[in-house]
Structures are given as structure tokens and as C-alpha cells.
Amino acid sequence: MPHDLDAVTRALSVDREDALVALPWLDETYRAPDAFWAALWQDYAGTASPPPKSRPGEGYDLYHDMVVRKPSKGLAALAYYDRRARKVQSLSYAELHAESARLAGAWAAQKAKAGDVIAVVLPFGRAFLVALCAALRLGLVISFLPPLGDRHLARRLEKLAPAHIATDPVYLGLLDAKAQKLALRDTAAAPHERYERSFTYPAKKPCALVFSPLRDPLDAPVPLSAEAAYLRPLRDARLALSLRPGDTVAAPGAHPAQHQPCLVLATLLAGATFFHLELADLAQDPGLLLQFPLRALGVTTAARDQLLRASPGPLRNVSLWFKNPEEPFDAITWRAFVEAHGLQKTPASVFLFDAADGGMTHFSARRPEGASLKVLPAAGVPWALFDPDGSGQEASGQSGLFAPTPTKKPAQIGHVLLSRVAGSEFLYAGTLAPRRHGRVYPRAEVVDAIADLPFVTAASVVAALAGGAAAGFLFVLLVFTGAEPAEAAAREEAGRTDAIHRRIRARLGDEFTPDRTVFYPLYARMKGKEVDHAWCEGQFQRGSLARKAGQGTFQRLTEARKRFVKDVSGA
């Protein structure tokens, strides 16, 4: 592995979309990962003083190396738009150090100690960053849970079984009585209670338990070792983002559970500033993106569309922009975005993050125009391609299902399909099963969330091709309402759809509302007490449900079934 990482990063830049990218050094990182991580560490350790407290393979003081070890106390760790003040505010590394010390002291006074699991139920922002750093100071095992909905949280907290919960009083109503008792208070600590020490995590022990939106089951926390939580963001900052102290990163609209905390860890380890913007902030004032020189700008399809509707003008302050290959790819719209904002010559990359992996699972060369979906497996992590049929065997050719090795169990193999293009690069070829922007759609949770609505006798979620230039999948909620006249069902459809969407938003969060909701005055086939979802999907795809709902014969059979069930139950 070469020790000149500047030369390595320069090799990632090409001046044409069709340029051949062959990177022997990258292939070497898969064959000899220990040498790669050692070179990365040596590069990092020599960049500033004081020296890092972490020692590769031994222990990692994430807090010290992220926050304390900075060349200038005036650097901003976080910039964010304050809606109340209607201006951009900042949190310096020095302020982050002081605030996390106070919060860690308050938590320590409430018996929080190293090794305890803490659930941080907060949206990403200033409060979350301070809580993250306080947890790392104390040596807690952190789990990030955005406050989406009460059932979403209850399901994950039950699996997590945390010793403590850090949240804001405004979100306590989303927690059940048991969880509320675990909530730590953010009390003002006296000066002597400030918690100044920081914890060194053993290399292989977890410092986080991550609920990844890319991994099924969604409610299973994935342990993330301190080594992965430290070295992989460090790699991303150095090679993919090319961050230096004082640089600024922004990714408005990036999915928080997929990108955090690994993206902000990469930013802080580099001594850079993370500029946090919500899409609503961008809609109100797209010129916010022009506030700072941006070393790297993440652009989601939603942010792209927002910026096309209300453009801030040329983004000449952007040195690199990146997109997620798993979002629907519409080359025509991306080209319009590039031209509208003067980004024709600005390098663009493709980054796929998974917080449960500690950072990027795939990155890319830097190309102009941003029309490419060519990716590279992340450096330093050996990998293989597997047959997509679930056999667990490695693929015979140069296409297959990507997974880190030594994974051999089919259940542990990932979801990304790759096909080698040339040199070191692969074409991102989609996902093995239908997903929403690469993320697992929580079908069972959606069905459970609406099961107690009075008009729902059963429900199922099926995937359908979206079509259009961007392709992708839509998720359709099938609602079986039992025996009722088709005309009456049609009259109630709009109100029932609103009721379903309100229920899903309250219990699971806005992002899980279905793309389409269809009602059928029929009964679903059951397997015991469970809905036969395979039958529902087959019937929907063949159009059988729509035909049956409109036929008098099936309406009479449905009515007969209703009377039979009523007679048997004695209701």
C-alpha cells in the first residue's frame, strides 16, 4: 500500500466520463487491509498536534481525536440554520467540548457509565451532536433513533433494551411509560461536575448499535466496533471526501439513519465543519447553500428537484458533489441540474453509505457531469460477488451480489448488485429485491400500524415497477375492507386514505407512507391467523383483485363469508 495518500486521491480524479479507471493500489487494500489501515493511520497521526490518543488494533478514543485534537479552537464543528433566529448559527469545536463535558457530567451523576447502552432519540442537529460526543466521552454504546413515530420507536427500543435514553422533553410523548423512566435529564451541572475525561474503547468492542435502513430485519441493532467507527470514517474523509481542517461538508436531505453518525464522524475527524440543512430550509432559502465554500455537497433527488424549482444560481462554491446510486437515476434531470447550477466541470462522485458499516460501502472516481453510476468497493474491506439466487456460492463471472468477505451465509449477503465495467470499476446494477431508494420498506410494520382501523379487515404491501425515466419501485398498500357495496367503498376511499396516512405518520413516520393505497371490498386469503401475502401479491399483479371487486358473484360470495363468520363467532 503506497504511503503517499495525496497521490492516491489524485488518482481518483479523471477528466472524462468514459475514462478508464484502474487502481492497483485499491485492489491491494483488499488483499492487504492491515497495511492500508496502518498507512492511513500514519498519515492522520502526522497532521496535527496533540497526537491522537487512539492506537490501531488496541483502543480508540473517538472523542479526544474528533474534538480535542484540533489545530485551532476557532474551527466550527457544526453550522446549521436556526429557524427561530432565521440565520445560520455555528457550534465551534471549543463549544462542543464544553457542552459535551457538561452533559456528560449530568449523565454521570445519573449513573450512566462506560459500557451502558444509550438510545439517543433526537433528530440530527446540534442537540444530537452534543449528545453523541457526551456519550463517547463516557464510553457509552450509542444507538441513534430519529423520533419518527411511537410504534417505530417502541419496536426498536424493545430490541435494544437500553440502560438510558437521551431525548428532548418534546419527544417524551413518543415513548411508552417504561421508556420514559429511562430518559436522562439534561440538567445544568455545576463546574465541579463537568466530565473532562474521555474514554478509550477497546478496538473490537462495540461503541454503537446501529439500526440500518439498508438491512433486513429493520429492527435488529447491528453492533459497530470502535475500530470500524473510527477508521472507516477516517478513510472516507481522506480518500473520498478529501477533507482538510476548515473544510465544509453539506448533505441536505440525506437520510439520517443511513448517513449518521458516520458522515459527521468523518467530518469531525478531519477537523472540518458539517453544515446541517433540512430540505425545508432549502425550500425557504436556496441561497443558504452559498453561505460557505463547500468542499463536498451531497445531493439527493429531493434536494436536486428542490434546487431546480428554486435555484440559488451557479454553485461556484462547490468543489465536489456526490449522489447516492440507490436513488432513482434519471440522467435527463441530473443533466438539467448540472447545467442549471454551472456544475459541468465540477467533479462528481457516487457514494453509498451504511451507518451500520461505519461509513461508505462504495465510493467512486471523481468525474465531471455526474452522469455515471460506476462505483468502487470501499478501500480496506475485502469483498466478493455472490450468486444472487441465495445459494451462498461466489459468482462465477464478474456480476453478482456484493458482500464483504468472509461472509458465506446467504442470509448475511448484502443487497447491492454489481457488474464489472472495466479496470477497477463496477456498474451499480440495482438491488436484489424491491427497495425504496435502496432502503428496506417496512411492510410488516405498515400493516401492523393500520390493523386496528375499523374498516380494515386485512392489509398487505406489494411492490410495483414505477416506470418512467427514473425507474425504481413503488410500494402499494392493499386494504381489504370485507363485505360492503363497491359503490360505498368508492365513496369512502379518500377519507380512508387520509386516515391511513395519518395513522402511519403518527406511528412510523412520514417516510413510510405508501406510494399508493388501493381498497378492495373483499377478504384476503389467510394462512392460519396471518395474511397470505404471497397470494395478495400474485392476485394484485394479475389484476384478479380488481376484477373480483367489480363482479357481482364475488360480492355475493364476500357477503356470504361475512354472514358465515358472524354465525360461527356468535357475534
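1. Start with aspartate 281. Leaving aside neighbours within four places in sequence, aspartate 281 is in contact (heavy atoms within 4.5 Å) with Tyr81, Arg83 and Leu288. Its side chain joins that of arginine 83 in a polar contact of 2.8 Å. A polar contact is a pair of N or O atoms within 3.5 Å; within protein, one must be able to donate a hydrogen and the other to accept it, and residues adjacent in sequence count only if both atoms are side-chain atoms. Aspartate 281 lies in helix α12, residues 279-284. Helices (H or I, at least four residues) and strands (E, at least two) are DSSP runs, numbered from the N terminus. Aspartate 281 is buried, with a relative accessible area of 3%. Buried means under 20% relative accessible area, exposed over 50%, and partly exposed in between, with a 1.4 Å probe and protein chains only.

2. A word on the source. This is a predicted model, in which local features need pLDDT of at least 70 and side-chain atom pairs count only at pLDDT 80 or more, while totals for chains, interfaces and linings use all residues. Residues are numbered from 1 along each chain as its sequence is written, and side-chain values use heavy atoms, with hydrogens and water left out.

3. Now the salt bridges. A salt bridge is a side-chain nitrogen of Lys or Arg within 4 Å of a carboxyl oxygen of Asp or Glu. The count by this rule is 23. One of them pairs aspartate 6 with arginine 244, with 2.9 Å between the closest N and O atoms. Aspartate 6 sits in helix α1 (5-10) and arginine 244 in the loop between α9 (226-240) and β10 (248-250), so the bridge ties together parts 238 residues apart in sequence. Aspartate 6 is partly exposed at 30%. Arginine 244 is also partly exposed, at 38%.

4. Next, lysine 159 and aspartate 219. Their side chains meet in a salt bridge of 3.1 Å, N to O. This pair links distant parts of the chain: lysine 159 is in helix α7 (150-160), and aspartate 219 is in the loop between β8 (206-210) and β9 (222-225), 60 residues apart. Lysine 159 is partly exposed, with a relative accessible area of 47%. Aspartate 219 is buried, at 9%.

5. Helix α7 also holds arginine 156. Arginine 156 counts as buried, at 4% relative accessibility. Not counting residues up to four places away in sequence, arginine 156 touches Leu145, Phe211, Leu218, Asp219 and Glu445.

6. A further salt bridge joins the side chains of glutamate 227 and lysine 204 (2.6 Å, N to O). Glutamate 227 lies in helix α9, lysine 204 in the loop between β7 (201-202) and β8, 23 residues apart. Glutamate 227 is buried at 15%. Lysine 204 is exposed at 63%. Elsewhere, shared partners join Asp6, Asp43, Arg238 and Arg244 into one network of salt bridges.

7. Last, the cavities. On a 1 Å grid over the protein atoms alone, a cavity is a set of points where a 1.4 Å probe fits but cannot get out; lining residues have an atom within 4 Å of a point. Grid points are joined across faces, edges and corners, and a volume is the space filled by probe spheres set on the points. The structure holds seven cavities of 30 Å³ or more.

8. What kinds of residue make up the lining of the largest cavity? It has 10 nonpolar, two polar and no charged residues. Ala, Val, Leu, Ile, Met, Phe, Trp, Tyr, Cys and Pro count as nonpolar, Asp, Glu, Lys and Arg as charged, and the others, Gly among them, as polar.

Technical notes. 1 Å grid on protein atoms, 1.4 Å probe; cavity = no way out; pocket = protein on both sides within 12 Å on 5 of 7 lines; lining within 4 Å.
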